[in-house]
Amino acid sequence: MKKKLFAVVMVLIMMLSLVACGPKDSEMIELNIGYMPNYGSLWSVTTAIEKGYFEEAGIKVTLWEFADGPTIINAMESGKIDIGYIGHGAHKLCIQGKAKIFALSHISNGDALIGGPNVKTLQDLKGKTVGYTAGTSSEDILKNALAKAGLTMNDITAMEMGAENLTTAMLSGSLDACACWSPNSLKILDEMKGATKLADNLTFSDTSISLASWIVLDKYAGENADTLLTFTKALYKAMDYAADGNYNEVAQYVANQTKTDVDSVYEQRGDADWLTGKEVAAGAADGTIEAYYLTQQENFLKSGAVTEKVPVKNYVMFDNMINAGK
């Protein structure tokens, strides 16, 4: 009897010891993360949450939803969030010194220029009313498509509006065409009779590249290098898992966060080349990723979106990407 009692006590002591050794809430690194409600923004971060990679690293994450990248950067500047996700268009703000990129997320094909029933070709855009969101990848794909057709913004009636309003305006018939990103593009193509995809990121793959990245303010990067490295290591684990064909599972994670239908989220799995953490670390080490960001900047310079060439290393934290893979 005494032996049994002693064994029970020892088991209880061991259990208490394990609990005591685990990270307590007060010891956790608390991070506020800005995201957009789509698969591309959430594929890795929700996986890191659900698979416990952040918790294992001692990180407690709170997610905050925003409509676009520039708004996320504004939220970082106001102190509401610590880390943010941006699509292609907002990278011009990083080049201009507004934020630093500490991890590449993926190579995107989630942007699209869509024509309504009366717009079947890029040339048909002339004289038409076209909706877009300024300062984002929406504006970039619109300008690239117009240039391909030998047109400019002066050849259309350009209607600037928030990303959340583009879908409604297009489906209501208020716009002849619109430039947007997934899942809005998928919704329009699915629900609008006679809608045509006029262009996507791959349309310009011979001369441009569309990137999605994780960013912080320069001040935060300087003061929290260890935190960013820890976050990136956990994110890499999630990317390795999510990019390994686990699309159904990840779509469920994203759908739970966005409170949308899992089937519509699953359709977004084709929106990008989903990189693993191992690929990002290796690409940062061998110069591949620097070449990606350089190509992106060169295209911004050609379009006039940025006016001054800046060394890529000034705004992309390659050392963090490399070290996170060690």
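In this predicted model, β6 and strand β7 (residues 157-160) run alongside each other in the parallel sense, paired over four bridges. One spot to look at is V130, which stands opposite A158 in β7.

Next up is helix α7, which spans residues 163-172 and has A163, L166, T167, A169 and M170 as its buried residues. What sits over them? The cover for those buried residues includes the elements in this table.

| Element covering α7 | Residues |
|---|---|
| β5 | 111-115 |
| β6 | 129-132 |
| α6 | 137-148 |
| β8 | 177-181 |
| α8 | 184-191 |

Take α8 from that list: α7 packs against α8 at an angle of about 10 degrees, and their axes are 10 Å apart. Because angles under 35 degrees count as roughly parallel, α7 is roughly parallel to α8. On the α7 side, the residues that meet α8 are A163, T167, M170 and L171, and their partners in α8 are N184, K187, I188 and E191. Sorted by class, this contact has four nonpolar, two polar and two charged residues.

Just past the end of α7, G173 takes a positive phi of about 90 degrees.

Finally, have a look at S182, in the loop between β8 and α8. Is S182 buried or exposed? Its relative accessibility is 4%, so S182 counts as buried. Setting aside neighbours within four places in sequence, S182 is in contact with N38, G110, Q268 and D271.

Note on methods
Residues are numbered from 1 along each chain as its sequence is written. This is a predicted model: local features need pLDDT of at least 70, side-chain atom pairs count only at pLDDT 80 or more; totals for chains, interfaces and linings use all residues. Side-chain values use heavy atoms; hydrogens and water are left out. Buried means under 20% relative accessible area, exposed over 50%, partly exposed in between (1.4 Å probe, protein chains only). Helices (H or I, at least four residues) and strands (E, at least two) are DSSP runs, numbered from the N terminus. Contact means heavy atoms within 4.5 Å. Two strands pair if DSSP finds at least two bridges between them. Axes are lines fitted to C-alpha atoms, for helices over the stretch in contact, and angles run from 0 to 180 degrees between N-to-C directions. Angles under 35 degrees count as roughly parallel, over 145 as roughly antiparallel, 65 to 115 as roughly perpendicular and the rest as oblique. Ala, Val, Leu, Ile, Met, Phe, Trp, Tyr, Cys and Pro count as nonpolar, Asp, Glu, Lys and Arg as charged, and the others, Gly among them, as polar.
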